[in-house]
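Biologist: Could you show me the structure, please? I would like to ask about the pocket and the ligand.

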Amino acid sequence: MSDGLEGVVAAQTVLSEVDGQAGRLIIRGHSLDELAGRTTFEQLVAVLFEGFYPDLPADLPAALGQARAEVFAEVAALDAGLVGRSPVEAVRALMARLADGDDMTTALRILAAPAVFTAAVVRAQAGEAPVAPDPSLGHAADALRMLRGTAPTQAEADALDTYLVTVSDHGLNASTFAARVVASTRAGLASAVLAGISALKGPLHGGAPGPVIDMLDGIGEPANARAWIEAALARGERLMGFGHRIYRVRDPRADALKQAVRWLDARQGRLEFAEAVEAAALAILRERKPDRPLDTNVEFYTALLLEALQFPPTAFTCVFAMGRVAGWLAHAREQLAGGRLIRPQSVYVGPAPRKAA
Ligand code: CMC
């Protein structure tokens, strides 16, 4: 038995490969550096969905815009109880209102929904009314416009596109595995994606970037980095944004996102500070764990980028879901196309039944 299923191969996929030794991510034959910064979210969806959704509309940006407008109706269900929850719980609850099914219309609505619901939840938590989608815009630009109520700059829309593309798929990570397990039961795409979001929200997976901001804010200035980090590790805490199950070198997504932060000029001082904290963290992790290569993962620069785009840290996991939903939907269809019901075995180590008296 493998603890945490480490090293266990549980699926064959044509969607993406994570090479943990080389620090390389391939999405359907394209390396991440060919895609990030050069591809819109919609173009990446077309790459991921090819062959799995044969009826994908030729004008995907327009179809996705239309789907955003359709799911916006569900925002009316955002009541005070949900507004009081964490953004990812509120978004998950709205996602649960979407009808299940396996068709293209269902898939497009699920793909559109995290962007619409995240913006509405963030605004509601700030006491502001939701902003309706503009179907004529690209998905990233409209996500930012719905969040803030004003149009983003081209650099901001490009930066969010880069983020969504970078996190769209990543092998058999925990949330994708969860989505494939549910898809394998034929429960439907909405159910599979809800499983994905639920797995994503944990701090060991997609819940890490918000706490990265807490760490940066707690450190305050570079001179404090070593003492703050050592105290956190002494309390038994993990450093968010570092370490990975598969990568034994730097996560290639970290540099794709760091590059996007550079496009947003106003953030340069913050970036230099973050680089100083990163260097201190890596040095300390190497001293403390010389036998376990622990390097920067995607979440560290995710935090910087999403902060620069004015998403509140509490909503960072929802923005991760905006991108990863593409991967979940592609994996769900791949699972349905070729896979059997996922049903592994367990080894019973409990007590034997007591004999009847
Ligand atoms: N800070 C301090 N120590 C760490 C860290 C960290 N970030 N990551 C791993 N370790 C230590 C861990 O304590 C363990 O030490 P020991 O053997 O003495 O108990 C050793 O390294 C191996 O850790 P592990 O938990 O067996 O490794 P894993 O493969 O199960 O964990 C991980 C991967 C991402 C859960 C872990 O590195 C972690 O908790 N990182 C912090 C949270 C984080 O950044 N999560 C985002 C992951 S990237 C997004 C994604 O793709 O999901």
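**The pocket and its ligand**

Modeller: Several elements each supply at least two residues of the lining of the largest pocket: β1 (16-19), α9 (174-184), α14 (268-288), α15 (298-308) and α16 (316-338). Please keep in mind that this is a predicted model.

Biologist: What volume does the largest pocket have?

Modeller: The volume of the largest pocket is about 1,800 Å³. It is lined by 48 residues, and those closest to its centre are Leu204, His244, Arg245, Ile246 and Arg292.

Biologist: How do the residues of that lining divide into nonpolar, polar and charged?

Modeller: The lining of the largest pocket has 21 nonpolar, 14 polar and 13 charged residues.

Biologist: Now to the ligand. Which space does the ligand take?

Modeller: The ligand takes the space of the largest pocket.

Biologist: And which residues come nearest to the ligand?

Modeller: There are 21 residues around the ligand, and His205, Arg238, Leu239, Phe242 and Lys289 come nearest. This shell divides into 10 nonpolar, 5 polar and 6 charged residues.

Biologist: What lies 2.5 Å from an oxygen atom of the ligand?

Modeller: That is an N or O atom in the side chain of Lys289. The backbone takes part in other pairs: a polar backbone atom of Leu239 is 2.7 Å from a nitrogen atom of the ligand, and a backbone N or O atom of Gly241 lies 2.8 Å from an oxygen atom of the ligand.

Biologist: How much of the ligand's accessible area does the protein cover?

Modeller: On its own, the ligand has 930 Å² of accessible area, and the protein covers 76% of this.

Definitions and conventions. Residues numbered from 1 in each chain as written. Predicted model: local features only at pLDDT ≥ 70, side-chain atom pairs only at ≥ 80, totals over all residues. Heavy atoms only, no water. Near = heavy atom within 4 Å. Polar contact = N/O pair within 3.5 Å; in protein donor to acceptor, adjacent residues only side chain to side chain. Areas by Shrake-Rupley, 256 points an atom, 1.4 Å probe, with all protein chains shown as cover. 1 Å grid on protein atoms, 1.4 Å probe; cavity = no way out; pocket = protein on both sides within 12 Å on 5 of 7 lines; lining within 4 Å. Sits in = over half its atoms within 2 Å of the grid points. Nonpolar A, V, L, I, M, F, W, Y, C, P; charged D, E, K, R; others polar. Points joined across faces, edges and corners; volume = space filled by probe spheres on them. Helix = DSSP H or I, 4+ residues; strand = E, 2+ residues; numbered from the N terminus.
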